[in-house]
Amino acid sequence: MSDAPASFEFVPGDPASPVILHVPHSSRRIPADVRPGIVLDDAALERELDHITDSHTARIAEAAAGLAGLTPWRFVNRTSRLVVDPERFPDEREEMTAVGMGAVYTRTSHREVLRPDGTDPQPLIERYFRPYARAMTEAVAGRLAATGRAVIIDVHSYPTEPLPYELHGEGPRPPVCLGTDEFHTPSELLAAAREAFAPCGETGLDSPFSGTYVPLDFYGKRREVGALMVEIRRDTYMTEPGGPAGPGLSRLAGSLAALVDAVSG
């Protein structure tokens, strides 16, 4: 048995809840044996973590879970997306590979070198990406078996100003961006999210980020698996980049809890 911290955590909710709050990018932790593969010095790495981490999103999800009438389940990545990004495709399907930010990043958010060219991504994919994907698949299967459906709410944040890595950063950047999937985001889920987040300001659709996360075993196959990505603009709840959370966090947690309640029944 290893005494190292787990790379992800699945926090149980109410057995009757179909909802999984998925928080993939909130952690800054980079295991000691992964650190040597990153070429940035410590100060530059901290700056990159400030920019690329969805800071405090795990706190938002935890607070929302505590407020919800029926406690949702939470799946939280406990390692940084600079180790692996569990929401990327691990192969040529991933468009972010074009800017060195596939499942294993080789470039920073400012398109500088993060890992040397020629780095083999497979060891990190096997050690971190595939176990995460398997566990998330099992989590969704568990909600389907228990409740007949699953609702994945992906909790993210994004910077007020576009970063150089963004492929679609020229569009609107509303306080809350809702990322959708044509197959897995039914109109009633989207409507519930718009209503729940109305107190937080304007909600936009699929800009600057689009899509949502569904494990591949269910993707495009099981309509009982609903999914929505919630992207929160960081200036609404924290000091950018990488600074402390402010009072906006509580408001956002309340809105996320309202969304959980709306889709739990």
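These legends walk through several close-up views of a predicted model.

Because the model is predicted, local features need pLDDT of at least 70 and side-chain atom pairs count only at pLDDT 80 or more, while totals for chains, interfaces and linings use all residues. Residues are numbered from 1 along each chain as its sequence is written, and side-chain values use heavy atoms, with hydrogens and water left out.

**View 1. Strand β3 and its two partners.**
Here we look at β3, which spans residues 73-77. Strands are DSSP E runs of at least two residues and helices are H or I runs of at least four, both numbered from the N terminus. Two strands count as paired if DSSP finds at least two bridges between them. β1 (residues 8-11) runs antiparallel to β3, with four bridges joining them, and F10 stands opposite F75. β2 (residues 19-23) pairs with β3 in the parallel sense, also over four bridges, and there L21 stands opposite R74.

**View 2. The two faces of β3.**
In a regular strand the side chains alternate between the two faces of the sheet. Which residues of β3 sit on each side? W73, F75 and N77 are on one side, R74 and V76 on the other, and all are buried. Buried means under 20% relative accessible area, exposed means over 50%, and partly exposed is in between (1.4 Å probe, protein chains only).

**View 3. N77, a buried residue in β3.**
Zoom in on N77, whose place is in strand β3. N77 counts as buried because its relative accessible area is 2%. A polar atom of the N77 side chain lies 3.1 Å from the backbone oxygen of T79. A polar contact is a pair of N or O atoms within 3.5 Å; within protein, one must be able to donate a hydrogen and the other to accept it, and residues adjacent in sequence count only if both atoms are side-chain atoms. Setting aside neighbours within four places in sequence, the residues in contact with N77 include S7, F8, V23, P24 and Y132. Contact means heavy atoms within 4.5 Å.

Is S264 buried or exposed? S264 counts as buried because its relative accessibility is 10%. A polar atom of its side chain lies 2.5 Å from the backbone oxygen of V260. Leaving out neighbours within four places in sequence, S264 is in contact with S17, P18, V19, L70 and R149.

**View 4. The largest nonpolar core.**
In soluble globular proteins, nonpolar side chains tend to be buried together. A nonpolar core is a set of buried Ala, Val, Leu, Ile, Met, Phe, Trp, Tyr and Cys residues joined through side-chain atoms within 4.5 Å. The largest one has 33 residues, and I153, F197, L228, V230, L252, L256 and L259 touch the most other members. Elements supplying at least two residues each include β2, α2 (57-67), β4 (150-158) and β7 (225-233). Which element gives the most? That is α5, with seven residues. Leaving aside neighbours within four places in sequence, the contacts of V230 include I153, V176, F197 and L259. A second, separate core has 28 residues, among them A44, M96, M101 and V104.

**View 5. The largest pocket.**
How much space lies in the largest pocket? The volume is about 1100 Å³. On a 1 Å grid over the protein atoms alone, a pocket is an open set of points where a 1.4 Å probe fits, with protein on both sides within 12 Å along at least five of seven lines; lining residues have an atom within 4 Å of a point. Grid points are joined across faces, edges and corners, and a volume is the space filled by probe spheres set on the points. Of the 42 lining residues, E87, R88, F89, E94 and T212 are the closest to the pocket's centre. Helix α3 gives the most to the lining, with five residues.

A cis peptide bond joins S207 and P208, with omega about 15°, and P208 lies in the loop between β6 (203-205) and β7. The peptide bond from E240 to P241 is also cis, with omega near -15°, and P241 lies in the loop between β7 and α5. R111, in the loop between β3 and α3, has a positive phi near 65°. R111 counts as partly exposed because its relative accessibility is 44%.
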